[in-house]
Amino acid sequence: MSKEYDYCKIVQDLLPSYIEKVTDEETNKFVEEHINICDKCKKMYNDLLHSFEDNEKTKIKKEVKYMKKYKNKMTVLKTILLTILAVVIIYIGRNMIIIGSLQSKANKYTDMTNYHIEWYSYEPDGIGITEIYMQDDEYLQKNGDYNIEEGFSGNITYANKVTGSRVYFLDVKAYGETEEYIEPWMNMEAINYINTQNDILRFIWMSITARISTVECNGRECYKIDDLGVTTYVDKETGLTVRVLNVSATVTEDRKESSVFDIFYEVNTVTDEDLEEPDKSEFEKVDFSYDPS
Ligand SMILES: [Zn+2]
């Protein structure tokens, strides 16, 4: 009797280890033989086994729950990152489409031979003006400053590819002649300010950095392109620039200030009348050497 009681105690002591399968074969045999003949220990074994299995189940459930939570978090994070990536791609893609299309439009004007451009820059003491009437092989170009007290001062160039050029110096009422054709300062290419035509790196960089919105400017539907301190208003229809704001333009080496240019242009409207030179009788002819370099 007392011997059996000892067996029970030993077996019950071993049961947790037996269930967790950490006992050796000899012990297993001993435990199994005993619970087969002892109802008390068998019941205890079954109870222990159930509670052990229940424990394992909750443990697994908890793990699964944790994994699900972790997975959900990762999914949210992935979605956020993908959304940001998509927005960035759409932003840059839109810029690329706009800039690319403006450049292919502007490109069509490069070889035009009949145009009128007025280019104004605003300065504290007056307005800088460059104006050109171009018609095939000849042009009239005005270049100088407009001041309220003194009016326009500067020079007027008439150039002809066949006969040569004359430059009128309004300040000193003199003019000079040369057989050379003086190249104009202003042309259709010069008013394509965002020119990215032969510069793929500038095109890509601008597509990344520029902020582009739609506005009206100088009577035209424009894209307003903000890019690293320079704002360019580009005509949607032609791809040509109608206004430039530069917040840190270099005036002299140690002076920087904002600058504004306004540009007006027309194509295929220039006639002979627009190319009329100043009345020569008011000007004195001077020796004039022109250095095309
Ligand atoms: Zn027993």
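I started with helix α4 (residues 200–209), where Phe203, Met206 and Ser207 are buried (under 20% relative accessible area with a 1.4 Å probe, protein chains only). Around the axis they span an arc of only 100°, which puts them on the same side of α4. That arc is taken from the directions from the helix axis to the C-beta atoms. Helices here are DSSP runs of H or I with at least four residues, strands runs of E with at least two, numbered from the N terminus.

I note that this is a predicted model: local features need pLDDT of at least 70, side-chain atom pairs pLDDT 80 or more, while totals for chains, interfaces and linings use all residues. Residues are numbered from 1 along each chain as its sequence is written, and side-chain values use heavy atoms, without hydrogens or water.

Next I looked up the aromatic pairs. The whole structure holds 8 (Phe, Tyr or six-membered Trp rings with centres within 6.5 Å; planes under 30 degrees apart are stacked, over 60 edge-to-face, the rest tilted). Tyr18 and Tyr45 have ring centres 5.7 Å apart and planes at 55°, so I log a tilted pair. Tyr18 is in helix α1 and Tyr45 in helix α3, so the pair ties together parts 27 residues apart in sequence. Both Tyr18 and Tyr45 are buried.

I then checked Trp119 and Phe261. Their ring centres lie 4.7 Å apart with planes at 35°, so this pair is tilted. Trp119 belongs to strand β1 (residues 114–123) and Phe261 to strand β11 (residues 255–267), so parts 142 residues apart in sequence are tied together. Ring pairs join Trp119, Tyr193 and Phe261 into a cluster.

Terms used:
Buried means under 20% relative accessible area, exposed over 50%, partly exposed in between (1.4 Å probe, protein chains only).
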